[in-house]
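This briefing sets out selected computed features of one protein structure, grouped by topic. Please read it alongside the sequence and coordinates shown below.

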Amino acid sequence: MKSSKEEILKTIPQSGFFGHPKGLLTLFSIEFWERFSYYGMRAVLLYYIYYETVHGGLGLDKTTATSIMSIYGSLVYMSTIVGGWLADRVLGSRSTIIYGGILIALGHLALSVPGSVPALFISMALIILGSGILKPNLSNIVGDLYTKEDYRRDAGFSIFYTGANAGSLLAPLIVGTIGQTYNFHAGFAIAAIGMIIGLIWYAMSSRKTLGEAGRYVPNPIASSEKKKLGIYFSVGGVIIAIALVITIVTGLLTIDRFVNVISILGIVIPIIYFLVMYFSKKTTNVEKSRLLAYIPLFITAMMFWSIQEQGSTIFARIADSQTNLDLGWIHVQSSWFQSINPLYIVVFAPLFAVAWTKLGKRQPTTPVKFSIGVILAGLSFLVMVIPFITGADKINPMWLVLSFFIVTMGELFLSPVGASATTKLAPAAFASQTMSVWYLSNASAQAINAQLVKFYHIDTQVIYFTIIGIVSVVIGIVLWLFSKKIHQFMRGVN
């Protein structure tokens with residue numbers, strides 16, 4: 001039986017963590033370790049894929065490695081659809097988090113053992129599924145800790161967000177250093193240990209601090225349907241497994257073809273989502289208007305994430321091979337640059353939160369914030385033209401620091417606002433799937449990146465940064481010009 005919000009809140013200790021429910025510390029901690037494990041692994045994974053085998057890598061070419069990283073990120077965000085469905089229909093958020101964390105830990109452990117390219121893909125599959133299962137459900141339980149009227153709610157989400165970025169900040173410095181100076185697999189093992197620590201803490205503390213939050217299943221599957229679904233999933237799994245074996249053995253399924261398929265899905269899935277929601281009989285005329293307003297915001301978000309996510313692919317390659325890492329007093333590891341973005345977020349996110357609070361109704365509308373965000377993203381690419389146009393072999397690392405700063409400022413304009421706008425603009429009948437829609441903007445962006453990065457080479461990098469940067473700025477300007485019209489279509493949502 002589904003518990004009411006009031007009944008759930010009665011079971012949760014409402015103080016004990018800096019004036020917030022004790023459960024926030026439990027969720028903050030597992031989010032910290034999950035982000036630590038994921039971003040620690042990601043800080044060195046690209047290098048592991050393309051470094052020569054004599055240096056501990058797999059020896060794939062850089063373009064293929066970059067496409068794999070983009071597809072990896074895309075699938076992580078696509079898989080949140082699975083996590084939302086499992087929580088809503090089968091397990092509830094609490095149990096789903098446990099299963100997701102176990103899969104993530106197993107994936108990192110698989111990477112920590114020296115293996116081959118197939119072993120890499122097995123570990124990636126485990127982490128993709130685990131992250132998709134865990135990621136959306138942690139946020140759902142944070143929401144369960146408060147009523148919608150609780151003045152602490154926004155601050156609670158800010159604390160939770162800080163935990164995520166604190167883990168992302170430390171991970172490249174620790175895992176990256178161990179992975180690059182000692183052994184890639186030792187670095188992946190550290191990432192696995194981080195996830196295991198988070199799981200143990202969650203299991204030990206959740207019963208006392210979370211009460212009944214996340215235990216209920218909002219829309220449970222009827223008993224008569226469970227057997228049918230079990231059969232369908234089993235048969236489907238067997239068919240997929242057989243198809244994979246046959247296509248891999250016969251050479252029909254290559255890395256490039258797999259990348260192409262996922263890139264197509266990254267575009268097709270959001271289109272299907274929007275068509276289903278728009279033409280649903282449960283969607284009112286007001287909600288259809290809001291969906292139309294959301295489409296240009298979604299496209300803008302795709303453009304933004306396309307640039308932002310290249311920080312862990314194209315910029316990681318630049319940091320590794322085209323940046324002066326010897327500063328005299330210290331040798332900088334190329335993986336450390338992955339800590340710059342979360343560092344800026346930890347420092348500046350509270351300032352943005354204070355600014356929006358003080359501005360109140362005078363703050364920019366959602367479309368204007370999106371346009372500023374994507375313009376800044378474009379400028380972060382255009383600024384990289386300057387050091388490369390001179391043809392220097394090694395660039396000053398401060399150019400990367402500056403570019404990361406500009407795109408992070410754009411992220412603070414767009415990302416928190418986008419998550420909020422998604423929940424407000426989505427039709428009521430699809431409310432439980434709204435965060436999956438928002439995550440798809442990132443999934444689609446990285447699916448496009450898997451094709452886009454194929455055009456990046458040292459000889460083409462000036463034109464690469466110029467074209468993408470200009471396109472992003474133009475999209476931002478167009479959105480700004482039509483922001484008032486889009487705001488009208490939002491029908492009362494600000």
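Predicted model: local features only at pLDDT ≥ 70, side-chain atom pairs only at ≥ 80, totals over all residues.

Residues are numbered from 1 along each chain as its sequence is written, and side-chain values use heavy atoms, with hydrogens and water left out.

- T64 belongs to helix α3; helices (H or I, at least four residues) and strands (E, at least two) are DSSP runs, numbered from the N terminus.
- The C-alpha atoms of T64 and I49 are separated by 9.0 Å, and these two residues are 15 residues apart along the chain.
- Of the 17 residues in α3, 16 are buried, so the helix is mostly covered.
- The end C-alpha atoms of α3 are 24 Å apart, which agrees with the 24 Å that its 17 residues should span at 1.5 Å a residue; the expected span is 1.5 Å times one less than the number of residues.
- A side-chain oxygen of D61 reaches to within 3.2 Å of the backbone nitrogen of T63 at the start of α3.

**The second largest pocket**

- The second largest pocket has a volume of about 1600 Å³.
- A pocket is defined on a 1 Å grid over the protein atoms alone, as an open set of points where a 1.4 Å probe fits, with protein on both sides within 12 Å along at least five of seven lines; lining residues have an atom within 4 Å of a point.
- Grid points are joined across faces, edges and corners, and the volume is the space filled by probe spheres set on the points.
- The lining of this pocket comprises 41 residues, and L75, A125, I240, L244 and F258 lie nearest its centre.
- Two or more lining residues come from each of α3 (62–78), α4 (80–91), α6 (117–144), α9 (223–249) and α10 (255–279).
- Helix α9 gives the largest share of the lining, eleven residues.
- By class, the lining has 35 nonpolar, four polar and two charged residues; Ala, Val, Leu, Ile, Met, Phe, Trp, Tyr, Cys and Pro count as nonpolar, Asp, Glu, Lys and Arg as charged, and the others, Gly among them, as polar.

- S403 lies in helix α16 (residues 397–425) and counts as buried at 2% relative accessibility.
- Leaving aside neighbours within four places in sequence, S403 is in contact (heavy atoms within 4.5 Å) with F315, S380, V383 and M384.
- The side chain of S403 reaches the backbone oxygen of S380 at 2.7 Å.
- L382, found in helix α14 (residues 366–382), counts as partly exposed at 26% relative accessibility.
- Not counting residues up to four places away in sequence, L382 touches F465, T466, G469, I470 and V473.

**Residues in loops**

- Y456 is placed in the loop between α17 (434–452) and α18 (461–481) and counts as buried at 2% relative accessibility.
- The side chains of Y456 and Q322 make a polar contact (3.4 Å), that is, a pair of N or O atoms within 3.5 Å; within protein, one must be able to donate a hydrogen and the other to accept it, and residues adjacent in sequence count only if both atoms are side-chain atoms.
- Q333, in the loop between α12 (314–321) and α13 (340–359), counts as buried at 13% relative accessibility.

Key:
Buried < 20%, exposed > 50% of the residue type's maximum accessible area, 1.4 Å probe, protein only.
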